[in-house]
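Please keep the sequence and the coordinates in view while reading.

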Amino acid sequence: MSSSRRAYHWMLPFGGTDLVQLAKQCQARLEDPRFDLVPLNVLHLTVRRVGFLDQVVTEVAATAADAARKRCLRLSPFKVEIGPLAGSRGARSFSVSPWSALFPMHQALADAVRDVVGDQSHMDTRSFRPHLSIAYANTDVAVRPLLPVIDELRALPAVSATVSEVALVKLRREGTVYRFDTLFSVPLGPVPMPA
């Protein structure tokens, strides 16, 4: 995404001390001018694009969030494991598993988006490969020289996280960093009644 174009996305923002420490440890070992590190306060898993801001107005995004709320009532919170580290030409990222735990949520969001704005992102749930990036390449990078360090870091234990809601965000790029503002949070499952 270019720095001038903004988009609505469904995301799972992640924090938590264990994940931040794991990401910090890996980023310290993998620091390289050919990669832009993801700030630790914006670690996230991108689930699906809703549309670009110049194509989808805020009211339509709000309607998509309402449609997602209805569909996500049938889901339950679930746990995922984040790690180990993997490498590619374009990014350094953590695997997120089990994939199957994320598929019902992805499908519910895909259906909600399709109901409201049509299928603009063309992302089928079967092709969804969840991952959490900690660095993005800013140039072409050969993978082979990275493998020894990545193999060493793959031995670090994965961390657990609970997914209990998904956020509809307004995503933008500021220089080399993705930033987002959360517009709506959609819980998985019914919202508990106050005691």
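A residue is called buried when its relative accessible area is under 20%, exposed when it is over 50%, and partly exposed in between, using a 1.4 Å probe and protein chains only. The model is predicted: local features need pLDDT of at least 70, side-chain atom pairs count only at pLDDT 80 or more, and totals for chains, interfaces and linings use all residues. Residues are numbered from 1 along each chain as its sequence is written, and side-chain values use heavy atoms, with hydrogens and water left out.

Cys26 is buried, its relative accessible area being 0%. Cys72 is likewise buried, at 0%. The structure contains zero disulfides, a disulfide being a pair of cysteine sulfur atoms within 2.5 Å.

A nonpolar core is a set of buried Ala, Val, Leu, Ile, Met, Phe, Trp, Tyr and Cys residues joined through side-chain atoms within 4.5 Å. The largest such core has 57 residues, of which Trp10, Phe14, Ile82, Phe94 and Met105 touch the most other members. Helix H3 supplies the largest share of this core, with seven residues. Helices (H or I, at least four residues) and strands (E, at least two) are DSSP runs, numbered from the N terminus.

Aromatic contacts come next. Rings of Phe, Tyr and Trp (its six-membered ring) pair if their centres lie within 6.5 Å; planes under 30 degrees apart count as stacked, over 60 as edge-to-face and the rest as tilted. Phe103 and Phe128 form a tilted pair, with 6.5 Å from centre to centre and 55 degrees between the planes. Because Phe103 belongs to helix H3 (residues 99-117) and Phe128 to the loop between H3 and strand E6 (131-137), this pair ties together parts that are 25 residues apart in sequence. Phe103 is partly exposed at 25% relative accessibility, whereas Phe128 is buried at 2%.

Tyr136 and Tyr178 form an edge-to-face pair, at 5.5 Å centre to centre and 75 degrees between the planes. Tyr136 lies in strand E6 and Tyr178 in strand E9 (residues 177-187), so the pair ties together parts that are 42 residues apart in sequence. Tyr136 is partly exposed, at 23% relative accessibility, while Tyr178 is buried, at 17%.

Tyr178 has a further contact: the charged end of Arg173 sits over its ring, 4.9 Å from the centre. A charge sits over a ring if NZ of Lys or CZ of Arg is within 6 Å of the ring centre and within 35 degrees of the ring normal. Arg92 lies over the face of Phe35, at 3.6 Å from the ring centre.
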